[in-house]
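Okay, thanks everyone for coming. I'll bring the model up on the screen, and then we'll walk through it together.

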Amino acid sequence: MALLEVKDLSIIYRTPFGIVNALNDITFNIDKGESLTVVGESGSGKSTLALAIARLLPPNAKYVSGSIIFDNIDLLKLSSDEMRKIRGTGIFMVFQEPATSLNPVFKVKDQLMEAVRIRYEREGNIFDENKAISEIISVLKDVRMPDPELIIERYPHQLSGGQIQRVMIAMGLLMRPKLFIADEPTSALDVTVQAQILRLLKDLKREYGISILFITHDIAVASIIADSVMVLYAGQLMELGSVKSVMHEPKHPYTQALLSSIPRISKTEGKLPIIGGSVPNLLNPPPGCRFHPRCPFRMDICSKAVPNLTKVNDIYVRCFLYGQ
Ligand code: ATP
Ligand code: SF4
Ligand code: MG
């Protein structure tokens, strides 16, 4: 059963230079207890999607079309107060910019304690401060936080970016929301910690049936955590399917290029050359398929019309190579 249903979602940003077409007609579901990884290069619209779902877009953004149904509630129809309640218990988000995520005037301990208190309340349990503290310390150890007993006595400005992200991930683990959104939460952390955090998120999904929306620019990460993968390019959803299908038999030329750029384990020289060209400027996106300026398979029609999302076996793909 779908916990999150996003349908035909389009978002723009108003800027002094014109309208940025950040997301176009995005449609996907996440089932209860399932995880979806969103993959795409910088500027493809990943954070915009996460912020749109949590209703945390900046004031210059506008929902142009579409709906977001979470747990049978139409989020775009809620008042700010109602939405705040959903963010308190239903949807938890770890931001890409860690500095903005914690409240600067409270110690880490107080903010994590509040997360535990909210969960106890939801589960109908009586809050016990000592029990909460030992749970907090244990979760901080799980996210490989050095000296958790000292860290919890600090204020956010006394922490590094990586430490703040660990506190945020710990907060999500303590809160156990229905949907955990993580926007590139591991890029500020070293590789060992990243692996540990991905494992923790996987446990969370298995043990508590929590759904996860995980954002990364690294398609290799998708296979570690996700059931499904969605590939975004310049605000267009190019491919969506199970990890197994997308990683082994990618249909879209862009996904194929992303996968061929994963460093081979046997080679040490790093990444293989990726597709030439760069991500288009979304103030003036290319017409038709937004990937056409870089696509080795482009045809005449590709710059004239936007391909529909078509189902090929169990994958949804937006490309004229698969008929329309
Ligand atoms: P990254 O990997 O760098 O985090 P992203 O995939 O998360 O990139 P977004 O941050 O969602 O991409 O940006 C999508 C597009 O919207 C980009 O063209 C970006 O410049 C633009 N954009 C993002 N935030 C704003 C804003 N507040 N005002 C105007 N344009 C914005
Ligand atoms: Fe390439 Fe055309 Fe497919 Fe776009 S629609 S990915 S340009 S073949
Ligand atoms: Mg981003």
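Let me start with accessibility: I'll say buried for under 20% relative accessible area, exposed for over 50%, and partly exposed for in between, using a 1.4 Å probe and protein chains only. On housekeeping, this is a predicted model, where local features need pLDDT of at least 70, side-chain atom pairs count only at pLDDT 80 or more, and totals for chains, interfaces and linings use all residues. Residues are numbered from 1 along each chain as its sequence is written, chains are lettered from A and ligands numbered from 1 in the order in which they are written, and side-chain values use heavy atoms, with hydrogens and water left out.

You'll find asparagine 313 in the loop between β11 (309-312) and β12 (315-318). When I say helix or strand, I mean DSSP runs numbered from the N terminus: H or I with at least four residues for helices, E with at least two for strands.

Aspartate 71 is another non-glycine with a positive phi, again about 55°. Aspartate 71 sits in the loop between β4 (61-70) and β5 (73-74). At 22% relative accessibility, aspartate 71 counts as partly exposed.

Now over to α1. Seven of its eight residues are buried, so α1 is largely enclosed by the rest of the structure. The buried ones are Lys46, Thr48, Leu49, Ala50, Leu51, Ala52 and Ile53. After α1 comes arginine 55, with a positive phi near 55°.

Glutamine 96, at 36% relative accessibility, counts as partly exposed.

We work on a 1 Å grid over the protein atoms alone: a cavity is a set of points where a 1.4 Å probe fits but cannot get out, a pocket is an open set with protein on both sides within 12 Å along at least five of seven lines, and lining residues have an atom within 4 Å of a point. Grid points are joined across faces, edges and corners, and a volume is the space filled by probe spheres set on the points.

There's one cavity of 30 Å³ or more, and the volume of the largest cavity is about 70 Å³. Its lining has 13 residues, with Cys289, Cys295, Cys302, Cys319 and Phe320 nearest the centre. What takes up the space of the largest cavity? That would be ligand 2, where sitting in a cavity or pocket takes more than half of a molecule's atoms within 2 Å of its grid points.

Last, the largest pocket, at about 510 Å³. It's lined by 19 residues, and Arg87, Phe92, Ser101, Met171 and Met175 lie nearest its centre. α2 (80-89), β6, α3 and α6 (161-175) each supply at least two lining residues, and the largest share, four residues, comes from α3.
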